[in-house]
Amino acid sequence: RRRARPPRTMCLRTSHDDAHAPLPVGPTTVQDGPCGLSADSQRLAERVQSAYYLIRPHVRATALESAAWLAQEATGCQPFGVTLTGSHGNSSHSSCSSATSSPSRTNRSATLACISGVLDDSEVPPGSDEKACSASPSPSWAQHPAKCSPDARAKTEVWLKLENEQVTGSCKARGAIHKILRMGEEQARKGVALASSGNHALAFLYALRQLQVDAPADIFLPINVSPAKKDRLLAQGARIHHHGTDIMYTEMNARQVAEANGGHYISPYNDIDIVAGNGTVGFEIVQQLSRKPDFVFVPVGGGGLISGMAAVIKALSPTTRVIGCQPSVSDCMNQSVQAGEIVKIPDRYSLSDATVGGIEPGSITLQYCMELVDEFCCVEEEEIAWAMLQMLSRQSKLVEPAAALTIAAFLRMKERVVGKCSVLLMCGGNVSMEALKSIV
């Protein structure tokens, strides 16, 4: 027999101070009826719901915040058009694509500097496209008449899920708390090994402290990890090891060391408890909205976050389209879904350091992404940088580049979101000074 479902009246926090405010909102239980999900995905959705009640005392129920300026861009009042420079020449992108070409490292630096207005003609680095840079100092915000009816414009809603204000500064705390609770203190004390670009490791250190579990943790980072995240880990006494520049190889090394030492390796995405814990963001979104969302935009790296979110969102709101957002220079999951198997991609730099790199062979997330993610939208580096700037100047929120992926993808799809309700996941706010200086 199935255990009784939780009550339909939920208490969620819409701010950090309002911890127990009841919200008379949408569906709160995963449906048992037909919703188009496979048995595996249905089970995952139920895991996500169970995980929510388990981790709830230890994490924040972050706010949904309206973004009227994004709704205005979508309705044609101020269309968003990014003029790419450097090796691309001048081309305005308005639709989603999975192109993997990108400006060279030198041209990218010049372009980002031009976007932020910190270079004049005399400061353009040698070898960059000086004419393109000086001719197009920033993305173009061309003024065009609105192409939608007043009624459609009024119905356009854009909400930001502020996981950048979650404990540790990212949504990863959800998965870490859930994993430790499911693992149990006795197993955790045997030792854990983590591979991370920063946020996953920060979340686990928090989870161990929050749950008062005294477990040795070895943290494996890529050599090119964000200095800000590394410094925060060191300040908390983390035992850090460096391996490789691609997070996939860092993960493989961490797994080998854990197995050799008799400990537990905990993947940032290839672990069902991590997937379910991080997926509670999706469960929370559906509850907090007074209507079912038409689109939910989610950053994608290894696919753990979007797998859990998409499973529970599709179970509660089958018509919602889940959009995976990746940088064009590193879209491993997008290419893997198209190929039907995990593919290898070159190790390339992106501002969105939390989503770059390959995917571990045999990852459970591929099948979930193939079934549950409706489409992928891949964006260029210039779009990521510009989205971060707009978020800071127009929403007064500092988000990391991975979160800015969703803004850039939303603006690419602006013609399709008119009259719809869209939710953009701000997955984190841990930004290094180096990344910030490169765009501001």
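The model is predicted, so local features need pLDDT of at least 70 and side-chain atom pairs count only at pLDDT 80 or more, while totals for chains, interfaces and linings use all residues. Residues are numbered from 1 along each chain as its sequence is written, and side-chain values use heavy atoms, with hydrogens and water left out. Helices (H or I, at least four residues) and strands (E, at least two) are DSSP runs, numbered from the N terminus.

**Helices H16 and H17**

- The axes of H16 (residues 381–394) and H17 (residues 401–412) come within 8 Å and cross at roughly 100 degrees. Axes here are lines fitted to C-alpha atoms, for helices over the stretch in contact, with angles running from 0 to 180 degrees between N-to-C directions.
- On the H16 side, the contact (heavy atoms within 4.5 Å) is made by Glu383, Ile384, Ala387, Met388 and Met391. H17 brings Pro401, Ala404, Leu405, Ile407, Ala408 and Arg412.
- By class, the contact residues split into nine nonpolar, no polar and two charged. Nonpolar covers Ala, Val, Leu, Ile, Met, Phe, Trp, Tyr, Cys and Pro, charged covers Asp, Glu, Lys and Arg, and the others, Gly among them, are polar.

**Salt bridges**

- The whole structure has 22 salt bridges, each a side-chain nitrogen of Lys or Arg within 4 Å of a carboxyl oxygen of Asp or Glu.
- Arg394 pairs with Glu73, with the closest N and O atoms 3.0 Å apart. This pair links distant parts of the chain, since Arg394 is in helix H16 and Glu73 in helix H2 (residues 68–74), 321 residues apart.
- Glu73 is buried at 0% relative accessible area, while Arg394 is partly exposed at 33%. The cut-offs are under 20% for buried and over 50% for exposed, with partly exposed in between (1.4 Å probe, protein chains only).
- Glu157 and Arg291 meet in a salt bridge at 3.1 Å, N to O. Glu157 sits in strand S6 (residues 157–162) and Arg291 in the loop between helix H12 (280–288) and strand S11 (295–299), so the bridge ties together parts 134 residues apart in sequence.
- Glu157 is partly exposed at 25%, and Arg291 is partly exposed at 28%.
- Lys179 and Asp273 form another salt bridge, at 3.5 Å from N to O. With Lys179 in helix H6 (residues 172–183) and Asp273 in helix H11 (residues 272–278), the pair ties together parts 94 residues apart in sequence.
- Lys179 counts as buried at 13%, and Asp273 is buried at 10%. Shared partners join Arg47, Lys179, Arg182, Asp271 and Asp273 into one salt-bridge network.

**Cysteines**

- There are zero disulfides, taking a disulfide as a pair of cysteine sulfur atoms within 2.5 Å.
- Cys332 is buried at 1% relative accessible area, and Cys421 is buried at 0%.

**Positive phi angles**

- Most residues other than glycine have a negative phi.
- Thr168 has a positive phi near 70 degrees. Thr168 is in the loop between S6 and H6 and is buried at 14%.
- Gln212 also has a positive phi, of about 55 degrees, although it is not a glycine. Gln212 lies in the loop between helix H8 (199–210) and strand S8 (217–221) and is exposed at 69%.
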